[in-house]
Amino acid sequence: MLLVNLFGLALIGLIIWWFWLYRPEQVDADSTAITVRVEHGVYQPAHIHLPPDQSSVLSFERVDESPCAEMVLFPELEISESLPVNRVKTIRIPPLKSGEYEFHCQMQMYRGKLIVSD
Amino acid sequence: MNPEINSPNASSPVKARTDPIHELIIEGAGCASCVGKIEKALKQVRGVENADMNFAQRTVTVTGNADTAGLIAAVEGAGYNARQLGGGANDDELEQKEKADWAYYKRLMREMAIALSLGIPLMIYSLVVGEMTVATTVERLVWLVVGLLTLGVMVFSGKHFYIGAWKSLKNHSANMDTLIALGTGAAWLYSMVVIMAPSLLPEMARHVYFEATAMIIGLINLGLALELKARGRTSAAIKRLVGLQAKTARVVRDGHELDIAIEQVLKDDVVRVRPGEKLPVDGEVLEGHSAIDESMLTGEPMPVEKARGDEVAAGTLNKNGTLLFRATRVGKDTALAQIINMVKRAQNSKPPIGRLADVISAYFVPAIMIIAVLSALAWLNFGPAPAVAFAVVSATTVLIIACPCALGLATPMSVMVGVGKAAEAGVLIRNGEALQTASKITAMVLDKTGTITQGSPKVTDIIVLEQEADAPEESAILRWAASLEAGSEHPLALAIVDSAKSRGLSLDKVTGFNAIAGHGIEGRVGKRALLFGNDKLMAQRDIDIQPHIGTIQALAAEAKTPMYLAVNQKLLAIIAVSDPLKPDSVTAINRLKQAGVRVVMLTGDNQATARAVAARAGISEFVAEVLPQDKANKVIELQQQGEIVGMTGDGINDAPALAQSNVGFAIGTGTDVAIESADITLMRGSLHGLADAIEVSKATLRNVKQNLLGAFIYNAAGVPIAAGVLYPLFGLLLSPVIAGAAMALSSVTVVTNANRLRFFKPQVSNYQSEEV
Ligand SMILES: [Cu+2]
């Protein structure tokens, strides 16, 4: 029984670390326009590094047919765009100050982040 | 309420550009030398002024009047591919979306049918037989076959959940797929352990839960399919607006008339529309006259007469005559395209009330996984026998019922319908925040001129005061006044100039011209030093108007504004100007008052005139003699009294007050939506739009709250019951199948409730909305 309890607690620790504490790797977007694939419930890449004070272009390529994937929202930037299936939609990101800007679908099932820093 | 920082997106989407800019994405440009080639190719296109390529981003910015298709063709001619950046609303995209949705719908229904055709018989069996136990070897073999069948269902009908769960897990994120995959996976794995190695488990816990796995997968697919259907109806408003766009246009080029696709119409093309046709682009009428039905754009039900020089807008309907007009705005610059864009943006920006749900759903899934583990541990430690089975059931049920989809959908769905609803009534709501604040307005400040009144005053009286021996005639008075005011754009000045023009008077040359802000104007005509303005100006220059106070008061009582003309420091004449009320101002203001909103009128007029106008409009509270710069202060004053202030104005001089108010309402007129400092734009001039906006926003907010409450009950109440808090009291533990059904229904409920908003109608409304 003790073993089972310890295992359960370890599992909880793992969940906390995996989803909340771990810092995922970022993808740089300084040199080329970046393509975000929308497939299987995630954005790939989901963490995008952008240089500050410079506008950039993200191309969203939606493969996922699920209605969740239909929109992508950048709440702080007041950007929302519908993503057609199996097509590329380009979204222009205005110059941003350093910081983190989330983007997600309407339901927040798909989540990603723009990380703006030097 | 911060006009400048509000729109980082697509440089001011509601502003008509004077100089069209096209942005293209270039594909296949691998080297820096491609840049010159592409720019050169673009500059050769007719109408292009400049082409600038950003090699790092593979984008090119083209200025000039050219159609995008032509630009793309030019780039392709140079050996590269080009696409339009961003792009507006087009039929094509909607059609494609509908097709994709329909294909996905059919797939979900097929998967649902397969899963339920295994799940339902199994469930009936478990209900009839009672316990699905595994005791004998034969039973074990039979269940093994069922287990493999279930695995087939999981692969065929539930593949997308498992792939999605795995991908998002790898990505350190968790979503609905994660929960479903974990829940159904746990139920299936446990059942397989029961079959393969029953000795590991106490005899009482040897149950299989294959029916739960199959049913959950089937029900959730059904839920997704129903949600997809209901969502299609939610975006009806956008679909209707997009549907207003004509597909072709008849243009006159080089003396020939030809029908071309709407995308190919260029600025300055001459376009012909015949009776019964939709206008393809925005323009200015060159020839002909006709009544145009603008109701789809402005909510204004009465057709508007258009003749040479008038502005017309794309999407409106030509009723009876033939018009020839010059295209002034095409493609995504037309008022209609801008409205569509604005509504689209607003539909997806959430009101503050929805943000809490966002924060919750961001942490939800991992939290639920922790709760599931904790509840399993609790059952194992303290639960009755068979504790293992209870632990598995409760953990599975918690995972399944907890999907936060419904919570995430609650706000955007309602806002989408609400903003669309408002747009149908000619009310453009800028974003979710404006929508929420509008529902809380307690005081409405109305600028008088152009808002309550028509904003085009007329000269009503010219009273020559017989003080000078050689008192001039009325026409001379008017001519002098008009000569002074000719350069001014003040509405009262326009009234005087118009009046002089209509009498065929020619204007004199004015020297020593000096405009005194908020007061009037002075200048010399010949030997005469003229001074023309209001009572403040007269007081400032020590000209006594007291002897005529009776006349002045009489004029004021009729809501006429007296203006004074003095020659060589002597008062010579009073010119009275009056600005008639808009025909429906009184009923609209009544609606506001009935809604419990405190109505305050601001005007630069003197006390007496203001009192008279306010009385006619049915407003008891007014502030007269307000200088433009003081309007914002009045708003601040009301805010300090604890009011949530809406400000309505039409002029540029209202911008500071619009920005200061909690919600700024700008009066636009159909074709001119370039009002950036406003949170809400009324597309038709009528004040009914204010009450409509407040009613729609209240209804929407109520709907959002219902949705959030509904979704919250599914989650917040569902999770503890699933974990088993009711078991010690009532012996109640949810079945995973019920959880699956509840989860599938939660999103459907939210979307359906949001759709109820489509039938909402503002209380008094003189527009007929079409159901789509
Ligand atoms: Cu979802």
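## Briefing: aromatic pairs, a chain A sheet and confidence

A:F103 has a relative accessibility of 0% and therefore counts as buried (under 20% relative accessible area; exposed is over 50% and partly exposed lies in between, with a 1.4 Å probe and protein chains only). The model is predicted: local features need pLDDT of at least 70 and side-chain atom pairs count only at pLDDT 80 or more, while totals for chains, interfaces and linings use all residues. Residues are numbered from 1 along each chain as its sequence is written, chains are lettered from A and ligands numbered from 1 in the order in which they are written, and side-chain values use heavy atoms, leaving out hydrogens and water. The model has an ipTM of 0.83 and a pTM of 0.73.

**Aromatic pairs**

- Strands (E, at least two residues) and helices (H or I, at least four) are DSSP runs, numbered from the N terminus.
- A:F74 is also buried, at 1% relative accessibility.
- In chain B, B:W379 and B:F390 are stacked as well, with 4.9 Å from centre to centre and 20° between the planes.
- B:W379 is in helix α10 (residues 352–382) of chain B and B:F390 in helix α11 (residues 387–401) of chain B, so the pair ties together parts 11 residues apart in sequence.
- B:W379 counts as buried at 6% relative accessibility, and B:F390 is buried with a relative accessible area of 18%.
- One aromatic cluster is formed by A:Y43, A:F60, A:F74, A:F103 and A:Y110.

**Sheet in chain A**

- Four strands of chain A form an open sheet in the order β3-β2-β5-β8, with mixed pairing; two strands pair if DSSP finds at least two bridges between them.
- Its edge strands, β3 (42–44) and β8 (88–93) of chain A, each pair on one side only.
- Strand β2 (residues 34–39) of chain A runs antiparallel to β3(A) and is joined to it by 3 bridges.
- A:R37 has A:Q44 in β3(A) as its bridge partner.

- In the model, residues 6–22 of chain A are 94% helix and 0% strand, with the end C-alpha atoms 22 Å apart.

**Helix α20 of chain B**

- Helix α20 (residues 607–617) of chain B has the buried residues B:T609, B:A610, B:A612, B:V613, B:A614 and B:A617.
- The buried residues of α20(B) pack against elements of chain B including α18 (549–557), β20 (561–567) and α19 (585–594).
- B:G618, which follows α20(B), has a positive phi near 80°.

**Confidence in chain B**

- Confidence in chain B is lowest in strand β4 (residues 81–84), at a mean of 71, and highest in strand β22 (residues 598–602), at 89.
- Residues 1–19 of chain B have pLDDT below 50, and this stretch has 45 contacts (heavy atoms within 4.5 Å) beyond near neighbours in sequence.
- Residues 765–772 of chain B also stay under 50, with 22 contacts beyond four places in sequence.

Technical notes. Phe/Tyr/Trp six-rings, centres within 6.5 Å; stacked < 30°, edge-to-face > 60°. pLDDT = per-residue confidence, 0-100.
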